[in-house]
Every structure is written in C-alpha cells, then in structure tokens.
There are 2 protein chains.
Amino acid sequence: MNKLLAVGTVAFDAIETPFGKTDKILGGSGTYVALAASQFGVETGVVSVVGADFPASYLEMMHAKGINTDGIEIDKNGKTFFWSGKYHNDMNSRDSLITELNVLETFTPVVPDNFKDADILMLGNLHPLTQASVIDQMAKKPKLIVLDTMNFWMDIALEDLHTVLKRVDVITINDEEARQLTGEYSLVNAAKKIHTMGPKYVVIKKGEHGALLFNEGKMFFAPALPLAEVFDPTGAGDTFAGGFCGYLAKTEDISFENMKNAVIYGSNLASFCVEKFGTERMESLTADEVKKRLYGFKALTQFQI
Amino acid sequence: MNKLLAVGTVAFDAIETPFGKTDKILGGSGTYVALAASQFGVETGVVSVVGADFPASYLEMMHAKGINTDGIEIDKNGKTFFWSGKYHNDMNSRDSLITELNVLETFTPVVPDNFKDADILMLGNLHPLTQASVIDQMAKKPKLIVLDTMNFWMDIALEDLHTVLKRVDVITINDEEARQLTGEYSLVNAAKKIHTMGPKYVVIKKGEHGALLFNEGKMFFAPALPLAEVFDPTGAGDTFAGGFCGYLAKTEDISFENMKNAVIYGSNLASFCVEKFGTERMESLTADEVKKRLYGFKALTQFQI
C-alpha cells in the first residue's frame, strides 16, 4: 500500500443551493481529498492550516477515518479560511458570496517528517508557489505528483503555475480552466498543449458531464453518474481527485490502464459527495455502498460489441 | 435483416461555422438518418418531399447507397425546404437565419406499399400529426417505432405531440427539450416522466456530452468521441438516430442490451458526421473507418474492475 500526502485547504463553508442552506460547516479541498482517499484504507496525511476557531471534533472525525492530521497547523492567532457560495438552479454555476482567506493568507506548509517519503502527492488548489514548496520538502521524488488548480491562479500567478506544472505528473483541471490555460476550445487540443507544459497525464473534469483522462494520444472517459437529485456539488471535484489518488495508492499501480479505474473510482465517490450538504455524505459512506454503486457504473458504461 | 422506414425532411441547408460557410447543400433529417442507416446495408426507405429545384444527383447518390427514395415526393410546383444557420464559436449553439418551409408546408407523407411492412419506423423531426399519419399508414405494427422531436413542436403542438408519443416505443430528444417537455431539470427524473407519456425507451442526446439511454430504471451512457475539431455539427443528432435504427434493423434485436450497442454505433457515426460540412463526410464514409473508430469507442469507455 502506498502512502498519500494531500495538501489543500481545511476550511469552513456556508452553502446555499435550491434545496436549502447551511451555516458554517466543514469544507476545504484537503478535507474532501482526504475523506475520499480514506475509503481505500491507505495511509493519508493532510498538510493545511486552520485557525483557533476550528472545532477539535472535526479533527477527531478525521482521525477516526484514519487520516493523519499532524500536518494541519493550528494557528492560534487566526481564523479558519471561510468560503460562502450560492448555487444557481442548474447547479453548474455558483456565485462566491464571501471569501475570507484568514490563516491561509500567511500559510507556509510544513510536511511532517513521516510523510516526506509519501509515494503519491496530491497538491490541492492553492497558490502555485505553495504547491512548489511542498514538492521541495519531499525527501524523495514521489512516484506520482498530482496537481489541481483553478482559473484564479491563472489570472494572478500564471508564471508560477507554469513553473510548478513542469514538476508534476498529473493535472486535474475543469474544462473551462483547461480552455483558459491553453487558449484551445477543443479539450483534445487543450490536453495536447498541457502535455507540453509538463504533465504526462491530464484529467479534465466536466462536472455533471464526467471526466476525461489523456495520456499522450490515449484517452479515457468516465461519466458522472446521472442522479435524480444533486443536492450540493461542493467538493465533488476534490472528492474525485481524492478517489483517483486513493485508488492509485491502494493498488500501487500508476499505469494508464489502472488510471482508468482510478477515474471511475473518483467519479463513483463524487456521485455520493453531491447527495448531501458538505462532507456529510462522505462521512457516513460505507465500503458496501461504494462497491454497489461501482456496479452501477459498469452497467452504465460497459457494452459488448 | 429488418426493413427500416425513415420519415423526415430532405432539404437544402446553408451553414456558417467558425471554419467557413457553404452555399445551399444537401441536408434534412431524413437524409442524415438514411445515410447513417445505409452503413448497415439494411433495406432503408425515406418518406419526404422535395421541390422541382432538387437536383437529381442527390437522389442518385442516395440510390448508390442503397437507399430507396420511392417515398420522396417531388412537388413540381414548389421549392425544397431550406434552412440556413450560423453556429457560434462553441459549436453548441446556433442561430437560425432563414427557415423557408416551402413544399413542407403542405406535405402529406405517403408510405410506399413496399415499406408498409417496415420493421423499424423512424419518425424524424416533423409535426406530430404528420408523424402520426405515417403510423396510420403502416399495414402492420412495426417492431419498433422511434420518434424524434424538438422544442418547436412542444411550443405549437404539444397536445398532438402527447397523442403521438403514446404510440411510440423510443423517443430521441435533446437534454434541453427533455427538460422542457417534463419540467424536470434532472435528466433521470425527466426520463421517468417521459416513460409515463408512452415511450418505454428514452434516448436523451447531450451533443458533445454524449447520449443517455433509459429503460424503466435501467440506464446506459454513450459518450461523444472527443474530437480535435468539430467542423459542422449539423445532422449529428439525426446521424445518431440513423445509426441507432440501422444497427437495430441489422441485428434484428430490440432488447435493452442490444440498444446499448445501438447508441454506441449512433455516437460513432455522429462523430464522423461533424468532421466536414453537411453530408460530405457521411457520403464518403467506409465500413473500415467505422470499424476502426469503434475500437476507439471501446478504448474510451471500457475498463477492468
């Protein structure tokens, strides 16, 4: 079993959807990645920062899931990163209402000694320089470095993003962001251009329309499971990434063939994430439920010609 | 081998895309359905109407493909249906610039005697009353009736549409139209509602995002092949429907399991259709090319868990 290190935010979210709204609840890319990865029983550590206001119960929940939180710094002088957003009726677009960086503003990630030899490194959506500083701290080159990013960093730190991209194996990015990064409308052409920027593997997330995996000419597609109700899309992309990395860590196989399974597992877990507000569904999710829905994915996509 | 009858428009299109523009070229739902079905070597007839201005060479091209055009009435006193449209940069949306119904305005379809026993009846996008009148003319109930429609008929002839829907087995419809017809945003819920309107099988076309097949609780998904360039999307949906019907006619098997293959074949053919303007690519398409790309579809979607 491989060791997984996830860097990302651990945060408060307040979410409004057509189905209801929440007060401040647990959120953050690092949280979702780790919760998804915990489904595979792999040794998972999180590097992040929270403020004095962060409830110990959240950390305890993570411990109970086998997640190592030694890398989550508690900044006694600050408040936890807070994001508030409202989803539109189509659930595909949202408005950010509040973004309070708080302790994230001065965050300098420190990788705990026992995770400096992690086999898989998942760099969640953070400033590209922060992502790079984590790579710098690794005692040995990880077998696989996966990076997630967003349009915000393309707008304000494009050069730094290009620098860190040269050092990663896999990028996960959504379709609009892939278009922005490359200037190519066709996702096939966008993936080709991203290959030349560094990542040998490109995962383009299309939300309810699934995800594409590219590897220098090869291509694989995982649909999103069509659901009767999407309750809250928050964290679906990070859950996808966590499922992807967790599966690869568990199987210790980073071949393209096995990455196909990894994107299916990622899609499978993401389909649960959206069923309830925030992390609620991922916290209660059982291995049996995951396995059962995996059959649904096979039925949805497999054919005999 | 089953006999296939397709009812639809045979028309002139003038198309503008970011890649260029055409004068009046061959188009129409009946044309695309028949060209796609001709890939399967099944006996295919088209019921439609054209005007005196319709070139004999187009009919000859269809004959060369083995398409029976006895049901294409030539109205010497009228002009052929003409549509002109311009696609936006994303190729997913378009503006209709000109729609001249011409001979279509008074079109009363007449099914040729030798196709009144067709096994599969494809009712292309026409007024629901026109679609119903074709069903009325069949000497025996076809094994499978497939209906395509669009938002236009929901706006002006919803009651007639509901009446004909009760008589069909399969509906092909795009995602926005499925939402309009049912008032349900979720496509899973939309398909459920459409089942109660008549069709046991619901195919929801999502353009570049693939197609979903529903059959009372069962669900299958065929992606669209991601392409480096989509040159002209005109006719892709009808090509999909023609491939779907043609495959079912060839294999004489209308089970849900075989319909999965049929939607894959439909997606496969549609991926060729968009590579050139109008019908050009479908006219030159060879069985070898189809077969080769089918392997691409398998590689794109099949996984081993």
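Why is helix α1 (residues 29-37) of chain B largely enclosed by the rest of the structure? Nine of its nine residues are buried, so the helix is enclosed in that way. A residue is buried if 20 or more other C-beta atoms lie within 10 Å of its own, exposed if 12 or fewer, and partly exposed in between, with C-beta atoms placed from the backbone. Helices (H or I, at least four residues) and strands (E, at least two) are DSSP runs, numbered from the N terminus.

Before the tour, some notes on the model. This is a predicted model, in which local features need pLDDT of at least 70 and side-chain atom pairs count only at pLDDT 80 or more, while totals for chains, interfaces and linings use all residues. Residues are numbered from 1 along each chain as its sequence is written, and chains are lettered from A and ligands numbered from 1 in the order in which they are written.

**Stop 1: helix α1 of chain B.** Select residues 29-37 of chain B. The buried residues here include Ser29(B), Tyr32(B), Val33(B) and Leu35(B).

**Stop 2: all of chain A.** Chain A has eleven helices and 14 strands. Its radius of gyration (taken over C-alpha atoms) is 18 Å, close to the 19 Å that the globule rule gives for 305 residues, so chain A is as compact as a globular protein of that length. The globule rule is 2.2 Å times the number of residues to the power 0.38. Along the principal axes, the C-alpha trace of chain A spans about 60 × 40 × 40 Å. Of the 305 residues, 51% count as buried.

**Stop 3: the sheet of chain A.** Nine strands form an open sheet with mixed pairing, in the order β6-β5-β1-β9-β10-β11-β12-β13-β14. At its edges are β6 (67-75) and β14 (218-222), each pairing on one side only. Strands pair if DSSP finds at least two bridges between them.

Now select β1 (residues 4-7) of chain A. Four bridges join this strand to β9 (residues 120-123), and the two run parallel. In β9(A), Leu4(A) has Ile120(A) as its bridge partner, and Ala6(A) has Met122(A). β1(A) also pairs with β5 (residues 44-51) of chain A, in the parallel sense, over four bridges. There Leu4(A) stands opposite Thr44(A). Which residues cover the two faces of β1(A)? Leu4(A) and Ala6(A) are on one side, Leu5(A) and Val7(A) on the other, and all are buried.

**Stop 4: where the chains meet.** Show both chains. The contact takes 25 residues from chain A and 25 residues from chain B; two residues are in contact if their C-beta atoms, placed from the backbone, lie within 7 Å. On chain A, α7 (187-197), β14, α9 (256-273) and α11 (287-301) each supply at least two residues of the side that touches chain B. A rotation of 180° with 0.0 Å of shift along its axis superposes chain A on chain B (RMSD 0.0 Å). The two copies are thus related as by a two-fold rotation axis. Superposition is by least squares on the C-alpha atoms of residues with pLDDT of at least 70 in both copies.

**Stop 5: Gly85 of chain B.** Gly85(B) lies in strand β7 (residues 82-87) of chain B. With 18 C-beta neighbours inside 10 Å, Gly85(B) counts as partly exposed. Not counting residues up to four places away in sequence, Gly85(B) touches Ile15(B), Arg94(B), Asp95(B), Ser96(B) and Leu97(B).
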